[in-house]
Structure formats: structure tokens, C-alpha cells
Amino acid sequence: MSRSNSKFHIPLTFQESARAALENTQLRRNLGKATQTIRAKRASVVDELPDWQELREAGRAIKERTLRHLDEYLLQLEAAVQRAGGQVHWARDAIEANRIVAGIVLEHGASEVIKVKSLTTDEIRMNEALGQHGVTAIETDLAELIIQLAHEESSHILVPAIHKNRAEIRTLFMHTLGISELSDEPAELAAVARRYLRTKFLSVPVATSGVNFAVAATGTIAVVESEGNGRMCLTLPEVLISIMGIEKVIPGWQDFEVFLQLLPRSSTGERMNPYTSFWTGVHPGDGPQAFHLVLLDNGRSRVLADHIGRQTLNCIRCSACLNVCPVYERTGGHAYNSVYPGPIGAILTPQLLGVERAGSLPYASSLCGACYDVCPVKINIPEVLVHLRAQVVRHKQTSEGIKGKLDPEAIGMRLLARVFRSPERYEQAQKLARLGQIPFARRGIIERLPPPLNVWTTMRDLQAVPRQTFRDWWRKRRVFGSVPKADADGVGDADGVDAEAAAAGRRNV
Amino acid sequence: MSAARDEILQRVRLALRDVPQREQPTDVAVERGYRPTADASREHVIELFVERVREYKATVRIVTAHALPTTIAESCAARGVRRLLVPVDIPREWLPAGIEALRDTELTYAQIDGCDGVLTGCALGIAQTGTIVLDGGQAQGRRVLTLLPDYHLCVVRTEQIVGLVPEAVARLVPAVCEQQRAITFISGPSATSDIELNRVEGVHGPRTLEVIVVTPD
Ligand code: SF4
């Protein structure tokens, strides 16, 4: 486990990290409660809207329109923001974005910035980059503050500190903020954060934020939040720097009539989140008098180029897909080794970084499709997952050259292909397998195979080859001309009931 | 302009090679099959607004225009507000006697932070979501006024209440597209569910939101 847990390189596979997460019972309990609670709330507020499916379709279509003409919309956005008194910067990657942000901060002589929680700034590891310039980024979202004080990483897009209980938060605040007396009442814990951060809000001259939506036609930016720390950061400092992925642009102001209905209901299960701020450039006498917008690519144009993967950029980061995912519910966010966890992470991260660096993530799913059903912008996540799995396999075969060809899975697949091509070989193989599996099969299931085949069975159970195959049964049936009773019973064997199960008397139950 | 700009645009155009040259954005159909307006009656829309704001644990009172000043006085007294922050263009007749109203004539953050509460009007109310919309227009002032004080008393006239989100977005077109005003949507007091998913009202914004709905006399 000496490999570093960095967001840029994905050193551990999903399966490796998931195993550790599954052993953490606190995390599983909190996550189970969280996902169930939000799931139920979401379902009830979504059911309130008779036109939910029409809204989803409109959301999807607006995103499709934008993405297919992204270059035009980005230029429109740039012009509109400049017209309104803002400055626009373009960043090809994380390093460039951080250099731009640090440059602006230093130009204003600031040693601290206040920060609104944003996945994009986490993606580029802005806090660390600013740290290298001697600038401290202060997280102002309650959960992010908890994570920052504890030197940990977020486990849920929406409730990043979901893995921490109130007693742990109390101890953390007492130690790091030097408070001697504190109860573990959530209201009191929140009040501590309020007092601590209020002084920062009133004194730190520069703020950074992410962007939920940016309107190409008007240059209007929207930030959606709950706690009011967003409003503080967007209103009080002299300088505001907002960093957005290039996919966050939407064509017109009117499009908010769709997204303001889709996002809060999908996200927190509320009819509307407590606060949404919209601003257009610089407003004389109200809010920051310098506004910088950083447009970040960092792999997005690569996602755009893939016809099936492109829809991933529809994502409005609501986290609904996390809360319905049976895999996420058990492993939590850390297992994905990325700022983007859950089903969206499983498709976005490998595309942003390339399947060669995050090839285990497309397998972090059972393809049950629940994520697709809830996605407010209709991203067909299972379709993209399958598409990416194919890329992972192709990548192994081509880039790893002879090594890829000697990969046990690749060899196995080639052998299977030969076997399936000839009926004789197929039957011989079945006979062989029936003998070979005897030490491993239990009740018709093979849970563990010896190396190197164990690679396949660590994450899956195999059906054992049945005692009597369909072919055997069919041949017998033809000889007798009708289905003998005992053999009809034997059909059960074709469903994988083996001798052991029969002995246990399960067959007739 | 910058090399980064050129390169990103270049990459995006390359990625979009499959989009036909002649295709215009509007060629990509956007079906807006959702409801543009509520079909409920005015009374029902107003009732719904009150109900939905209350669900956010905000206090809502319904009074006639005539009774507004007394209601404001009562609310302030109940909260123990001594110094009440108000935007410069607050209607004179809203203000009751006996309350020290501090008008925002370029007050400092410290002065604003030192007030016990703030009184404003609003641009719109949205019934569907129980939302109050501020657009910096009449009786609303700059954004910081409704942010630092711990208590926000907001006056909503019934004709400002719309049914659905699309109606509100449409009404805000002039403010955004022509006047480039900053807009704030407020739905209940600030809140967090970050600690074990327990909702706590009030983290950084006003921890108490009180709404007075004013019907014509
Ligand atoms: S993929 Fe869809 S459901 Fe998941 S976070 Fe993005 S928008 Fe929400």
C-alpha cells in the first residue's frame, strides 16, 4: 500500500480500495442511512412534478445542443462576460488553471483565499497548488471544512463528510479550533463553524468558486448551495475567481427554467436548495469589483470526441446516481480514488484520465441501470460503462503488445472463442470442465478458482458446469421419443444444480 | 489571443468533427414539453406559496397593506430587534415608529454585521418551490444586506407571487438580460445536512427568515 493515493494517478484499482472500504462498518452504516434518506426524499419531490420526464428530456436536449456547438457557445460566453466587466482565462489542464488562479491571487497580494466547495477545484488540486505559492485556501462549506481540518478526502459529492459521525466532528473541532467546551449537537457544531468562518468572510480579499451553470448569451454565472457560505464568498471579497469545466455552459437564461427544477430535486431531494446566486460580470457597488472566469479543459475535449462518451458531459453533478447505486452504497466514495465517485465517476474519471490510468473503474458497477433512470439529464451510464469496458480490453490487447496477448484473460477468451466455434470441441471442453471443477464447485457455484484463474473469481461467482447438459438431455430425449420423467427432472441439472445440491435434498423442495 | 484559448477551441472543433458543418445550434431540437405556467387559481397559488415557505421552517404571516407597519413592528419586537437594517429605497410607510432603522447609505460590513435584522421587499415569490427572489430592485438593496444579519424579514406582495419556476425565470428576463442585475433565490433559512444528515437551520446566512405576505387593502 505504499503507492500514493493521488487524484491524478489512480494507483489502486477500484476493487483493491473497495475491499478496505467494505471493512469499515461506520462508513457503511452512515452511507446506508444517507443514501436511503436522500433516495426517499428525491423520489417524493420528483413524484410531485407531473412533467418530470418532459423536464429530463429538455435538460438532455439542451445539453446535447450545447455540446454539439461547444466552441460557439464558449466564444459567446467569453464575449458576454467581458462585456459585463469580467475577465476570461483559458486553461488547457490543471497546471495551467492553477497557475492562472495563483497569479491573480498573488497580484492582489493575498495570502489566504476563501473557497466555495467545488469538484472542479478539487479535480485540479487547487488547494495544494496554491499552498506551493504560500497561499492558504480556506474551505467554507461545513463538510469541506471538516474534511480539511481532518486532512482527509471527500466521500460523497454532496455530503463529503458522510463518513464522520458527530462525536468525531466534536473532537476534531475541539482539537483544531482550540475550543475547550463543546457538545456534539449538530446545531452547536454548525454554530462553531459559523463563528470561525465569519471573521474569514469579512477579512479575506479573494474568493474562489466553482460554477454550476454559465449562460453563453448573457455571461450570467450560477452557483447553487445550501449553507450561505457560497453567498458570502460570492458577495463579500474584492476579487472573485470562478473556475468552470468547459461543459458547464448553457445557451440562454431561459434554460434555467429547466435546470432549476431538475437539479435541487435530484440532488438534495428538496424542491429548491436554500440559496442560488446568479451574477453577471461586475456590479458597481454590489459584490466583488474584479471577476475572473477560468475555462478549464483538462480532458473534457477528449470526452467530447467520443460519440458514446460525449453524453457524460451532460452531467450537472447532482449525485442522484450515487444514491441509487448498490455498489456505491456499500463501498462509499473513497474506493473510486477520484474526486468523482459513484456511477458518474466510473464513467467520467476513465475518460478524463484515459482508460490506461483508470481501467478498473468501468467495472465498478453491476450494470443494473438505476443510475440511468434517475439521471436528470438522461446520461445512459450503463451504455457508457460497457463502451469503456470494451476500450479497456482493446487497450490491453494493443498497447501491451505481447504482454497483453499473454494476459490470462486474453488467452482464456481466445481459447473460448476456439471452443465455441466447434461443437465437438465444445462438448469435450464441457466434459473436461465437469471433472476439473469437482474440487471447486459447491452447490452448483464456483466461488474460487486456483491461480491464474482466480483473477476471474475474486469478484464473481461462476455457475458450475451441470452434471447433465442440455445437449445430453436432448440426445436422450430423442432416443426415447418422449420426455421420460426422471430426465425431465434432470433438466434441473441444466440450470446448474449439481450432485451435492441434490444430495442435500434441495431439488425437490 | 492566448495559446491556450486557441488550442482548446481547436481541440473542441476536432472533437466535433462528426457534427455537420451546416448544422446550427437550433437544428438540435429542444422539446419544451413541460408546464410553462401553473394552471391553478390565484388563491391556490398564494396558498401554496405560504404553505411551501412554511415547510422550510420560516414564519409566514398574511396581512393587508394597511396592517403592514404594525406587523413589522410586532415582528421586530418579538425578535428583540433594536437596530433594523433597511435598503435606502425602503417605502417610508412600511417603517413603524419607535424602531431605529439604519439605512444602507454605504455602510461598512462591520456596521451591517452589527445590525439585529434586515427588512427588505423582494422581486418575486415562487409558489411551486416556496422561493423568494431578490434582484437588487426596489426595496431590496445590495446583496450583502440580506446576508450578514441573523434575521431577515421579507415583505412579499401577492401580485409578486408566481406559480412555477418557468414563470419566475421569464419575469426576470429584463433584470438579467438588460440590466445585468445579480439575482438571489432564497428558499428558507440557510441550512446544512452535513452532520449525520441532520438538518440544521442557519449556518452562514440569516438563521431566521420571516415572510410577510401583503394582500391589497
Ligand atoms: S450522471 Fe446524472 S445522476 Fe449522476 S451526478 Fe451527473 S447528472 Fe446527476
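Ile250(A) touches Lys63(A), Thr66(A), Phe213(A), Ala214(A), Val215(A), Ala216(A), Asp255(A), Phe256(A) and Phe259(A), leaving aside residues up to four places away in sequence. Contact here means heavy atoms within 4.5 Å. The model is predicted: local features need pLDDT of at least 70, side-chain atom pairs count only at pLDDT 80 or more, and totals for chains, interfaces and linings use all residues. Residues are numbered from 1 along each chain as its sequence is written, and side-chain values use heavy atoms, without hydrogens and water.

Ile250(A) belongs to strand 8 (residues 249-250) of chain A. Strands (E, at least two residues) and helices (H or I, at least four) are DSSP runs, numbered from the N terminus. Ile250(A) is buried, at 0% relative accessible area. Buried means under 20%, exposed over 50%, and partly exposed in between (1.4 Å probe, protein chains only).

Glu48(A) pairs with Arg265(A), with the closest N and O atoms 3.2 Å apart. Glu48(A) lies in the loop between helix 2 (25-47) and helix 3 (52-68) and Arg265(A) in helix 12 (residues 256-267), so the pair ties together parts 217 residues apart in sequence. Glu48(A) is partly exposed, at 31%; Arg265(A) is buried, at 1%.

A salt bridge also links Asp113(B) and Arg198(A) (2.7 Å, N to O). Asp113(B) lies in helix 4 (residues 109-113) of chain B and Arg198(A) in helix 10 (residues 186-203) of chain A, so this pair joins two chains.

Terms used: Chains lettered and ligands numbered in written order. Salt bridge = Lys/Arg side-chain N within 4 Å of Asp/Glu carboxyl O.
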